[in-house]
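I'm opening my notebook on a new model today. The plan is to look things up one at a time and jot down what I find.

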Amino acid sequence: MDVIPQFELHTHVEGALTPARLEALSGRHGRTVELGARQLRADRLFDFTDFHGFLRCYRDATAFLSTPLDYADVAHDLVAMLVADGVVHCEASVSYGVLLWRGINPEPIQAALWEVAQEARERHDMTLRFIPDAVRQFGVEPARRVLEAALRAGWQRGVVGFGIGGDEMSRPAAEFARVCEEAREAGLGVTIHAGEVGGAEQVRDAVSSCGATRIGHGIGAVLGPVGPDGARVEPAPAEVEATLALLRSRRVFIELCPGANRRLNLVPAGRTWPWGRFLEAGVPCALNTDDRGFFGLDLRGEYARAAAEGGFSPQTAQQCREAARRAAFAAPL
Ligand SMILES: [Zn+2]
């Protein structure tokens, strides 16, 4: 049995929703599950085929999470998945952006999440920390309110970072430069979803404008952005090289999420998954699940698939885990 300690730096608390938990929440709140795609499966929440369909389903499903108890339940599910997967340290995003947009105060929810984290520490010797996440398309002022709530919750409630997720094509990361600077000054790490559907430009913007030291996904730096027809727009080799050089020089860690990208068809058919480009360029990176419950993924499966697809030796996997350990926002592990 694989007992290699794993580190997960890119997973969403809301993304830990499983079909069983969603059914339970629907019973608790007396509402039926009416999701956009109606593709509830037994093994994972949905079977998506495109990014915007995923965002719609994500919004519909997370609408069932509203109380501290709801969040504690889904966080318990997440802990169970992490423990079964051999994860010893996890930094999970929590969409404060969506909570505030729905008029829900994140503070009692963070307190409930912190209780779950403390229990995980005591029972499983696993550290769970949190990254409040803003929604990019909502704009700068809502992001600032996310940061303010994150700072009120603070390290004493397990908050170690500030993130920006959502639709990366909606507005440039540069608009959030000041908010990210304030997050860094307050001692929070900054991670930004970029290069998931966007390209090298979005990745460079997140790093250069916002000082992000971690990038969620990042593959667009190599593959180019997804065009209007759903195909990747191949970037010029010089642009790819320049972006990888920037990432390497700043030691930016890429939170790769191959299984999640595959579920959303974000890597062109017939194209090998581009982790090799990051590894060859000396850019620190490791594999992550993104949304365990939604996609039915775990890290062991991700590393096993990477090994089977080639170019991912046991030494490479170990190098990635070590890079993830070093890239953690939490105190030295
Ligand atoms: Zn994500």
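This is a predicted model: local features need pLDDT of at least 70, side-chain atom pairs count only at pLDDT 80 or more; totals for chains, interfaces and linings use all residues.

**Entry 1: a pair of helices**

I looked up H6 (residues 140–153) and H7 (residues 177–185) to begin with. They pack at an angle of about 10°, and their axes are 9 Å apart. The angle is under the cut-off, so H6 and H7 are roughly parallel to each other. On the H6 side, the contact is made by Val 140, Ala 143, Arg 144 and Leu 147. H7 brings Val 179, Glu 182 and Ala 183 to it.

**Entry 2: the sheet**

In what order do the strands of the open sheet come? I traced eight of them, in the order E1-E2-E3-E4-E5-E6-E7-E8, with parallel pairing. E1 and E8 (285–287) are the edge strands, each pairing on one side only. From one strand to the next, the twist averages 25°.

Next I checked what lies against the sheet. H6 turns up again, packing on the sheet and touching E3 (127–135) and E4. Its direction makes about 155° with that of E3. H14 (residues 299–309) lies across E1, E2 (87–94) and E8, and runs at about 110° to E8.

**Entry 3: strand E3**

Is E3 mostly covered or mostly open? It is mostly covered, with nine of its nine residues buried. Thr 127, Arg 129, Ile 131, Asp 133 and Val 135 point one way, while Leu 128, Phe 130, Pro 132 and Ala 134 point the other way.

Then I went through the partners of E3. Six bridges join E2 to E3, and the two run parallel. In this pair, Ser 93 stands opposite Ile 131. E3 and E4 are also parallel, joined by three bridges, and Ala 134 stands opposite Ile 164 in E4. To get from E3 to E4, the chain crosses through H6, and this β-α-β crossover is right-handed.

**Entry 4**

E4 (residues 161–165) pairs with E5 in the parallel sense over four bridges, and Gly 161 has Gly 189 as its bridge partner in E5. E5 (residues 189–194) is joined to E6 (residues 214–217) by four bridges, again running parallel. Here His 193 has Gly 216 in E6 as its bridge partner. E5, H8 (residues 200–210) and E6 make a right-handed β-α-β unit. E6 and E7 (residues 253–256) pair in the parallel sense over three bridges, with Ile 215 opposite Ile 254 in E7.

**Entry 5: another pair of helices**

H8 packs with H10 (residues 237–249) at an angle of about 25°, and their axes are 10 Å apart. I applied the cut-off again: H8 and H10 are therefore roughly parallel to each other. H8 passes H10 in a left-handed crossing. Among the residues making the contact are Val 203 and Val 207 of H8, and Leu 246 and Leu 247 of H10.

**Entry 6: one residue up close**

Last, I picked Phe 7, which is found in E1 (residues 6–12). Why does Phe 7 count as buried? Because it has 24 C-beta neighbours inside 10 Å, and 20 or more is enough for that label. Leaving aside neighbours within four places in sequence, its contacts include Val 87, Val 88, His 89 and Ala 286. Asp 133 is 126 residues away along the chain, and its C-alpha atom is separated from that of Phe 7 by 19 Å.

Methods. Residues are numbered from 1 along each chain as its sequence is written. A residue is buried if 20 or more other C-beta atoms lie within 10 Å of its own, exposed if 12 or fewer, and partly exposed in between; C-beta atoms are placed from the backbone. Two residues are in contact if their C-beta atoms, placed from the backbone, lie within 7 Å. Two strands pair if DSSP finds at least two bridges between them. A crossover is right-handed if, with the strands pointing away from the viewer, the path from the first strand over the helix to the second runs clockwise. Axes are lines fitted to C-alpha atoms, for helices over the stretch in contact, and angles run from 0 to 180 degrees between N-to-C directions. Angles under 35 degrees count as roughly parallel, over 145 as roughly antiparallel, 65 to 115 as roughly perpendicular and the rest as oblique. A crossing is left-handed if the near helix is turned anticlockwise from the far one by less than a right angle, and right-handed if clockwise.
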